[in-house]
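Work through the exercises below with the sequence and the model side by side, and try each task before you read its solution.

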Amino acid sequence: MFGRIGAPEIILILVVVVLLFGAKKLPDMARALGKSARILKSEAKAMKSEGKDDAAAPSGPAPDAQAAAPRTIKAAPGDVTSRPVQEPAADRTTQR
């Protein structure tokens, strides 16, 4: 009885969403959600590649080249802002 959601129920839900948020705000909300998803995906990819780089690097002091050039988060397409990433000062040889 309650487990079946068909086309009429989905249409009703969409109509309620449009009435609650308004037709003008929905594209902005979708754009912001897409931008957040792209940032999350790029950060997850950077963390995954950083983990592979740490495993392949020799266990010694960190090179000074990394400290001299801070990483930046790339802005979404169409967005002109980017911000530097604050790296923790802790030793990178410790396991998390």
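Helices (H or I, at least four residues) and strands (E, at least two) are DSSP runs, numbered from the N terminus. This is a predicted model, in which local features need pLDDT of at least 70 and side-chain atom pairs count only at pLDDT 80 or more, while totals for chains, interfaces and linings use all residues. Residues are numbered from 1 along each chain as its sequence is written, and side-chain values use heavy atoms, with hydrogens and water left out.

**Exercise 1. Describe the elements of the chain and follow α1 to its end.**

Begin with the count, which is three helices and two strands in the protein chain. Next, read their order from the N terminus, which is α-α-α-β-β. Then take α1, whose 15 residues reach 21 Å from the first C-alpha to the last, close to the 21 Å expected at 1.5 Å a residue; the expected span is 1.5 Å times one less than the number of residues. Finally, look at what follows α1, namely G22, whose phi is positive, near 85 degrees.

**Exercise 2. Find which residues form the nonpolar patch on the surface, and which helix gives the most to it.**

A patch is made of residues with over 30% relative accessible area and no salt bridge, where like charges are joined within 9 Å and nonpolar side chains (Val, Leu, Ile, Met, Phe, Trp, Tyr) within 5 Å. The members are L12, V16, L20, F21 and M29, with about 490 Å² of accessible area together, an area that comes from the Shrake-Rupley method with a 1.4 Å probe, and for residues only the protein chains shown count as cover. Helix α1 (residues 7-21) gives the most, with four residues. V16 has its place in helix α1, and V16 counts as partly exposed because its relative accessibility is 39%, given that buried means under 20%, exposed over 50%, and partly exposed in between.

**Exercise 3. Locate the salt bridge and describe its two partners.**

A salt bridge is a side-chain nitrogen of Lys or Arg within 4 Å of a carboxyl oxygen of Asp or Glu, and the structure holds one. Its partners are D28 and R31, at 2.9 Å from N to O. Both lie in helix α2 (residues 25-56), three residues apart, about one turn of the helix. With a relative accessible area of 45%, D28 is partly exposed, whereas R31, at 52%, is exposed.

Note on methods. Buried < 20%, exposed > 50% of the residue type's maximum accessible area, 1.4 Å probe, protein only.
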